[in-house]
Amino acid sequence: MDGSETAPPTLAVPSGLVREAVGPERTAVVWSHEPLDALLDALTAAGYLPVRLPPSETTVLVDVTGPPSLLLVAAETLDEPTLRTLDALRRSSRQTRVVLLAGPASASTHLLTALRAGLSEVVDPTDPDAVLASVLARADDAATGSRVLAIGAHPDDVEIGCGASLLRHRGLGHCVTVLTLSRGAVGGPHASRRQEAVNAAVSMGAELLLGDLEDTRLAESSELIGLIEQAVAMVDPTTVYVHSRHDNHQDHRAVHVAAVSAARLVPELLCYQSPSATNEFAPTKFVPVDDTIEAKVDVLARYRSQAGRPYLEPDLVVASARYWARQLAPRTRYAEPFEVLRSSGTSD
Ligand SMILES: [Zn+2]
């Protein structure tokens, strides 16, 4: 393949949105004693979150967010303890692609160590184009899987409406992006709600795109459809989750209408229930979430500034899921309900 013909990745974040967190599928961990600024810049331009972490902290990261898609290991870091950490990581994280960073001069010197560590790919860290070519090959692989975009008007809307289903997608290896269109200043301090949204996304292994539209006035925003259209173009989702139109909150209804228009070409479009949903909310799809309902409660606990709101009480969250599972009894105890605007016809 001629690398010069490789199109640049279309992962640029639309103006008006900020990428506040990335899922592990776009995390690139670098083990190196050198700063490697050009390499980190190239990874950032390709839509990755590159982080320089020592091996011990990488192990912590994997425990928290799941394995990164890319691990770039500088040859000179491969001492005995690092090799042991690498070995343990490779056993637990099969989806992580490990690439050895070694210049032409040192590649042969480190070849034996690299082979011993099971590394078959070697790229020159001073040649960001070569590293990008490697990254893009991975992005092509990822593009064949399911991609989920969950859209909400305010921080915590998505997590309440479909948090357990998003965690289920993550468990199936699907890429999950959360698009939250406002920072929810009306519901609490701006900075803390932003940080809570980041914490919640990280705990789900999801990418977070955060807009800054004025909440309670989304219906009057001419930017709304444009922002969602750009996010849809960026993520190219196979499934979109959004508010139901059966909702008393004007922001939720506005986001529903805008998303239906922006996601007109997406194969599957599902509408979740918010605490402000009306009695007209009439779900026909029930996603079993027995394995993820507890984790959903943990994710919602990240919204500390909202603690005390009745709809975030764990027993209500669990009881609601228990109620909706009646459609799937007796095999399933917990489910999240969705109105289906468009169905891809697959079970996942
Ligand atoms: Zn809301």
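Among contacts in the protein chain between residues at least 6 apart in sequence, what percentage join residues at least 24 apart? In this predicted model, the share is 78%. The protein chain has 348 residues, and 45% of them count as buried. Its secondary structure amounts to 12 helices and 13 strands.

- Five strands form an open sheet in the order β3-β2-β4-β5-β6, and their pairing is parallel.
- The edges of this sheet are strand β3 (49-52) and strand β6, each of which pairs on one side only.
- In the strand order, β5 stands between β4 and β6.

**Burial of strand β5**

- Strand β5 spans residues 97-101 and is mostly covered.
- Of the 5 residues in β5, 4 are buried.

**Pairing of β5 with β4**

- Strand β4 comprises residues 70-74 and runs parallel to β5, to which it is joined by 5 bridges.
- Within this pairing, L71 has V98 of β5 as its bridge partner.

**Pairing of β5 with β6**

- Strand β6 covers residues 122-123 and is linked to β5 by 2 bridges.
- The strands β5 and β6 also run parallel.
- Opposite L100 stands V122, a residue of β6.

**Summary of the region**

- Strand β5, with 4 of its 5 residues buried, is joined by 5 bridges to β4 and by 2 bridges to the edge strand β6.

Terms used:
Residues numbered from 1 in each chain as written. Predicted model: local features only at pLDDT ≥ 70, side-chain atom pairs only at ≥ 80, totals over all residues. Buried ≥ 20, exposed ≤ 12 C-beta atoms within 10 Å, placed from the backbone. Pairing = 2+ DSSP bridges. Contact = placed C-beta atoms within 7 Å.
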